[in-house]
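My notes follow, in the order I made them.

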Number of protein chains: 2
Amino acid sequence: MKRTRTHQAADGPPVGPAPVDEGATPEWRPQWRTFKSFQAEFDFSLKAICTRMLERHRDTIRTQKPHVAVAKLMRIIQTTLTLANRKGFHSMSLRDLATESGLSMGALYTYFDTKDTLLMMILGEVSSAVSETLGSPPGHLADHPAERLRWLLETHVYLTEAMQPWFVFAYMEAKAFPKEGREKATKSELSTEKMIADALADGLKRGLFSMRDVEMTASMIKPLLQDWYVKRSKYRRRGISPEHYVQAVTEFVEAAIRCRPEPNAVKHRRSSQRREPAVAEPS
Amino acid sequence: MKRTRTHQAADGPPVGPAPVDEGATPEWRPQWRTFKSFQAEFDFSLKAICTRMLERHRDTIRTQKPHVAVAKLMRIIQTTLTLANRKGFHSMSLRDLATESGLSMGALYTYFDTKDTLLMMILGEVSSAVSETLGSPPGHLADHPAERLRWLLETHVYLTEAMQPWFVFAYMEAKAFPKEGREKATKSELSTEKMIADALADGLKRGLFSMRDVEMTASMIKPLLQDWYVKRSKYRRRGISPEHYVQAVTEFVEAAIRCRPEPNAVKHRRSSQRREPAVAEPS
DNA sequence: CCGAAATGTGAGCGAGCGTTCGTTTTTTTT
DNA sequence: AAAAAAAACGAACGCTCGCTCACATTTCGG
């Protein structure tokens, strides 16, 4: 009812590495990835994550057969995320977890030795997912801060979309982490902000952006990215797709830092329709 | 070490209702309030809040003498906010609370009949503080959406600064509210967003702002306001004052929606120094 | 300075928590 | 099909929780 449906490539084929053309200029490169294309590149399905989880904790998990272990882990983790995000991790009892996941109390303890270990296992997957995806931006973006900024926003939204319950979990339970975990969370949080700040500083130096304070601007972009997963249900209710949100945030940020297109850089779509006044959508 | 100290009126006398002039034009009005001026207008000290709290719960609080009740309430609430914001409300035991606040278990129960009641009492003060301050914007802003938007951002930041632990508490414990409270929180959250959206829509209609989607823009401004109290310690570490933050957010938002000064409206300071490129502050 | 009203106290209650472990069930190997 | 290995089970344990209540202490008008 409210959908404006302005995002462009959505529903189209996932934009891969570089199928030349479709537009006009030869140096066109498909910048605007879709969530689908992200999913094609990274596997953050429950199964894939639990498989990695098992490998990382072979010594503590007492179940031998991998396929059995992964299957059970999936049930445990799935249920944990659901219950914890509803009532909080501390309020979720292991009896609840056992009942809902269909395992017994004893069976649970084949996969972790402490409730806190379960928490840390989940947190671990979140933080390694962050460094796997955001840690190594494509090299060809090194000299293009505007593109790199977009890539950061896009990747962050898509990652947190793929692992939404995980990120909500990490975000909400962060203060209860056993110190070691809390520091890990803070560090990862700051490193994202640092990446944004670097792109901003770079663009500022090249005269592409304009802002008063780089660090401050970076720390205002961060909550925009977090809002996507923290308030996911609100956006779902309003029918906002990940692509739609990426576009909205990108436009908002680019306008705020007065982002100008790079002179001889990759061209990005949307440049023609960019400055129209737009129509109000009351209420 | 990092402070840039660009905010103007700070340290100066609190800007009251309307001491004409200081600039040049006669219709100058001091728009940029300080946190101090906010505090002069509203009393959100612990004592004041606990006094209101007592009045609102005279029937459930069994202590007769008001000054005794307020004193004890202050100890209880103060301790609750501290402990709950450190470990979470559910992880805070009433024994902890009793010890830290210097009361006995039994004494606590003179002030509430259930742990959940304590939670709801705190939430109640937060939500009534919101409606008291944000609920009635000064009438003279009715026809000036840009000024109204600023007033909203400013007031929100100052309110949450004055009651920071309260807001963190409400934000973090929201999902554990006994339903009634959860709905209240959601409703108040949405009403703030609605106020922002109204100002945006108004400005758009008058041709002062430019944005693609009003509702979406409003929902991106909200997290910027929440960040102030949720990540308060980060900003404290960096030496950012409330005034500084208000300014940064305002500039960021106004640039994003391409806010233009209203033709024949109140003039606002800062317009001269506004569009300079600024210098990077690396790392 | 008394005595009644108001406050404060903290051991004790049952419930529910995280965790363990002797046992049963299932699976695999022989 | 029997024996061995692996996995699942869930009652039981010690502990902490929210909450109560019979009693001790303080307050204060007369």
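**Entry 1: DNA strand C.** I began with the 20 residues around DNA strand C, where S93(A), G106(A), Q64(B), S104(B) and G106(B) come nearest. For me a residue is near a strand if its C-beta atom, placed from the backbone, lies within 6 Å of it. A word on the ground rules: this is a predicted model, local features need pLDDT of at least 70, side-chain atom pairs count only at pLDDT 80 or more, and totals for chains, interfaces and linings use all residues. Residues are numbered from 1 along each chain as its sequence is written, while chains are lettered from A and ligands numbered from 1 in the order in which they are written.

Next I asked which elements supply the surface near DNA strand C. At least two residues each come from α4 (94–101) and α5 of chain A and from α3 (66–87) and α5 of chain B. α5(B) gives the most, with 3 residues. Helices here are DSSP runs (H or I, at least four residues), numbered from the N terminus. I sorted the residues of this surface into 7 nonpolar, 8 polar and 5 charged. In that sorting Ala, Val, Leu, Ile, Met, Phe, Trp, Tyr, Cys and Pro are nonpolar, Asp, Glu, Lys and Arg are charged, and the others, Gly among them, are polar.

**Entry 2: DNA strand D.** I found 20 residues surrounding DNA strand D, the closest being Q64(A), G106(A), S93(B), G106(B) and K115(B). Two or more residues each come from α3 (66–87) and α5 (105–108) of chain A, and from α4 (94–101) and α5 (105–108) of chain B. Here α5(A) gives the most, with 3 residues. The surface near DNA strand D divides into 7 nonpolar, 8 polar and 5 charged residues.

**Entry 3: chain A against chain B.** I looked up the contact between the chains: 35 residues of chain A touch 35 of chain B (C-beta atoms, placed from the backbone, within 7 Å). On the chain A side, α9 (180–205), α10 (214–230) and α12 (242–256) give two or more residues each. α10(A) gives the most, with 9 residues. That side has 18 nonpolar, 7 polar and 10 charged residues.

**Entry 4: the two copies.** How does chain A lie on chain B? The same surface serves both copies, as 100% of the contact residues of chain A recur in chain B.

**Entry 5: α9(A) and α10(A).** I saw that the axes of α9(A) and α10(A) come within 9 Å and cross at roughly 130 degrees. Axes are lines fitted to C-alpha atoms, for helices over the stretch in contact, and angles run from 0 to 180 degrees between N-to-C directions. That makes α9(A) oblique to α10(A); under 35 degrees counts as roughly parallel, over 145 as roughly antiparallel, 65 to 115 as roughly perpendicular and the rest as oblique. The residues of this contact divide into 8 nonpolar, 3 polar and 3 charged.

Note on methods: Two residues are in contact if their C-beta atoms, placed from the backbone, lie within 7 Å.
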